[in-house]
Amino acid sequence: MSVLLLIISALVLLYLGAGGNTAVIALSLATLLGIHADDWHFASILFGGLGLAMALFLVIPSKLRKQELSRPLLGWVRGMLPTLSDTESEALKSGTVDWDGELFSGRPDWSYLLSVKHSQLSAEEQAFLDGPVEELCAMLDDWAMTHEDYDLPETAWQYIREHGFFGLVTPKAYGGKGFSQRAHSEIVMKLSTRSVSAAVTVMVPNSLGPAELLMEYGTDEQKSHYLPRLAAGEDIPCFALTSPMAGSDAGAIPDRGIVCMGQWQGEEVLGLKVTWNKRYITLAPVATLIGLAIKVYDPDHLIGDDDVIGVTCVMVPRDTDGVNAGARHLPMNTVFMNGPTWGNDVFIPLSQIIGGEAMLGRGWTMLLECLSIGRSISLPGLAAGAGKLATLTTGAYASVREQFGRSISEFEGVQEALEQIAGYTYMMDAARVFTASMLDRGVRPSVPSALLKYRNTDLMRTVVNHSMDVVAGRGVITGPRNFMARIYQAVPIAITVEGANILTRSLMVFGQGAIRCHPYIVEEIEAANMDDAAAAVDKLDGVFFRHIAHTSGNALRAAALGLTFGTLASVPTRGELKRYYRQLTRFSAGFALLTDVALLTQGGALKARQRLSGHMTDCLVQLYYASAIIKQWHEDGYPETHRAAVEWGLQSCLHDLQEHMRRVIDDFPVKALRWPLRLMIFPLGPIGLRKPSSELGTTLANAITANTALRDRLIEGTYFNNHPSDPIGRVLNAWQLANDTQALRDQLHKAVRQRDVNELDGIALLMGHERRELVDWAVSNGVIEESDRKQLLDALTALYDVIRVDAFDADGLKDIAADAKGKRKVVERPADQY
């Protein structure tokens with residue numbers, strides 16, 4: 001019995017993460033105790049003997065262990081671990097690990113999650129949102145921009161420059177606002193609820209581009225010259241990365257710079273002869289300073305001994321001879337400036353390399369570091385803004401739109417759409433704030449940023465599609481009244497840019513995160529790549545067996561937590577969320593186990609297992625978003641008014657997490673491992689985690705059709721007004737008037753239902769355009785008081801107006817088309833210049 005207890009103790013030590021050596025010592029003691037007690041039986045011989053043998057190899061550092069075990073393991077590790085391209089190696093070195101590392105560990109520290117604070121807006125930042133951002137939104141007419149001017153109005157461009165929108169995060173010492181990344185996110189989000197084109201125009205100079213690269217890597221001279229000009233809008237920047245043939249494969253950039261001597265401002269200097277052909281470049285048509293990612297070559301060895309120097313980031317002034325820009329793409333009927341740029345043998349001095357000559361060949365590292373910031377802010381903020389806009393408008397529209405004598409918000413089919421609009425909006429916003437706050441703490445979240453861009457834009461697509469389903473015919477007719485058209489058209493842009501979602505999901509998030517966030521894999525890869533065999537064996541010997549103990553511990557934790565539905569996990573108690581914490585802890589252990597098994601069995605082949613990587617990414621998504629939801633509710637102080645959104649989000653995440661993890665196991669490439677993995681992770685089967693109930697969904701749907709605290713929380717940070725002539729204001733005005741006259745309208749409808757149509761003097765009471773006659777009838781028959789006449793008539797007028805759509809006569813459409821055609825010139829370019 002004592003032997004059995006020690007064996008169990010060893011397993012418990014592994015479960016608790018005490019380490020492989022400690023567990024092996026316990027197993028060895030089991031053998032010695034068995035000998036002492038003469039308790040010889042098969043189990044003690046098997047487990048105790050195994051423990052004693054392992055102790056000889058593992059506990060006692062010796063040349064024998066390294067020679068007989070670690071050296072052969074090195075060869076196996078070199079054959080199994082993925083080989084990394086230069087681009088992937090740079091990716092691993094970029095960014096930092098934060099909560100993503102906790103999730104990959106299998107042992108998330110919930111106390112850490114709750115202890116780090118979300119960043120808060122300063123008084124200056126809030127004033128900017130309430131002042132200049134609000135004013136900029138008010139001057140934007142989306143219909144005029146997209147169908148008449150094909151541009152922001154000049155007054156808006158000027159306002160953006162004068163009020164420092166291009167220098168939001170640039171330090172004050174260089175003329176910028178010096179705002180936090182949280183403020184940056186809030187500004188982009190609010191602008192996006194008014195105009196996608198304006199939001200993109202503002203966010204690009206503040207995310208990936210020359211300014212951000214200069215702040216991080218620029219020389220003092222470059223910072224002093226360019227940053228004040230960029231912050232003031234004297235220079236308009238763009239950054240050109242995407243080439244027609246390379247696409248998302250940054251390692252295949254064909255654009256080049258040849259080291260040579262050349263003329264610059266009347267002097268012969270050492271520089272680069274640059275040739276590039278880029279497309280999809282936002283702000284390129286108006287940019288005065290073009291940032292480029294190119295590959296630099298030194299065939300004449302003017303700088304060093306290497307022919308190939310590598311990816312480098314440079315700046316090319318627009319007025320340099322040979323630079324071509326100005327043609328425009330039109331991305332899905334949005335009108336932010338976007339287009340191609342190209343040049344052949346354009347000479348620039350080495351001083352135009354961002355960071356100077358010292359940064360030659362380090363461009364990819366620079367881009368990855370900064371991309372983790374831009375990806376965390378720009379599109380996630382725009383996506384959250386789309387969710388907030390859909391919540392604001394569609395909830396109100398569903399409330400006032402009537403069919404069959406009832407508000408459509410009472411239809412269960414509509415409620416199913418509304419609950420997802422509300423639930424996913426809360427989820428997107430929580431993840432947005434969670435990640436922006438990481439940035440403000442100094443974290444460079446390379447994995448979470450890619451994950452956030454992928455998931456927020458994907459949820460944006462779902463939410464906007466549901467909004468269009470609810471608004472229905474009112475949403476598909478384009479015109480000045482349509483409040484969802486532009487965001488609906490912009491969805492594919494968000495899905496595609498800054499790394500297409502398919503590749504981000506199937507290649508980047510898990511492929512990079514499994515290695516970047518793993519506590520041991522990076523060191524093992526470094527050992528495998530060392531030329532010195534003895535040093536490689538030493539390094540591997542110091543990490544490999546800890547890795548095995550880590551994997552074994554997670555296997556035991558996954559099984560034990562699966563058998564007990566997570567009740568063994570020690571978790572926080574605040575907010576009555578223990579069951580969610582427990583399930584997330586359980587699945588984190590399972591996720592960590594699957595990560596290790598995938599890496600150890602697939603090695604370099606993991607890159608080709610994109611279905612496996614994709615579903616593992618989706619597992620991480622659910623773990624991360626559930627964490628963000630918990631964190632957001634904690635930061636808000638656990639208000640009960642928000643519980644419906646919190647519970648709905650957590651239940652949705654856990655259900656989807658279970659399904660994706662089950663899919664990983666069912667389709668695992670090594671068939672022989674499917675049953676063992678299933679038994680360890682789902683020992684009782686995938687049961688107990690269901691989608692949110694209909695009752696919870698109805699509660700959440702009703703929260704955004706009425707004036708509730710949760711609705712206020714969900715639409716926080718949105719631009720809106722109640723002007724009846726505004727596309728959004730029209731809906732909100734009708735919603736407000738409908739709420740104010742609910743009792744009067746109920747009286748009217750009851751009276752109508754109780755009378756024969758012939759008694760109503762032939763008035764077509766069910767037709768909105770007869771509302772004045774209807775109100776007159778109601779007053780004359782004592783249904784309502786004379787004093788209520790105007791209020792009721794105004795409400796009925798607004799309710800009819802909100803469902804009207806735009807209509808254009810043929811001549812009017814021809815005039816619009818002729819006017820637009822006169823304002824634009826379609827310039828055909830050679831095919832190789834796009």
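Cys-137 is buried, at a relative accessible area of 0%, where buried denotes under 20% relative accessible area, exposed over 50% and partly exposed the range in between (1.4 Å probe, protein chains only). Cys-619 is likewise buried, again with a value of 0%. Across the whole structure, a search returns 0 disulfides, a disulfide being a pair of cysteine sulfur atoms within 2.5 Å.

A word on the basis of these values is in order. The model is predicted, so local features need pLDDT of at least 70 and side-chain atom pairs count only at pLDDT 80 or more, while totals for chains, interfaces and linings use all residues. Residues are numbered from 1 along each chain as its sequence is written, and side-chain values use heavy atoms, leaving out hydrogens and water.

With residues up to four places away in sequence set aside, Phe-165 touches, among others, Phe-128, Leu-136, Ile-187 and Asn-206, contact meaning heavy atoms within 4.5 Å.

Turning to the strands (DSSP runs of E, at least two residues, numbered from the N terminus), strand 2 (residues 256–264) pairs with strand 3 (residues 267–282) in the antiparallel sense over 9 bridges; pairing requires at least two DSSP bridges. Trp-264 stands opposite Glu-267 of strand 3. The two strands form a hairpin with 2 residues between them, and Gln-265 in the turn has a positive phi of about 55°. Strand 2 also runs parallel to strand 4 (residues 289–297), joined by 3 bridges, with Gly-257 partnering Val-296 in strand 4.

Conventions:
Helix = DSSP H or I, 4+ residues; strand = E, 2+ residues; numbered from the N terminus.
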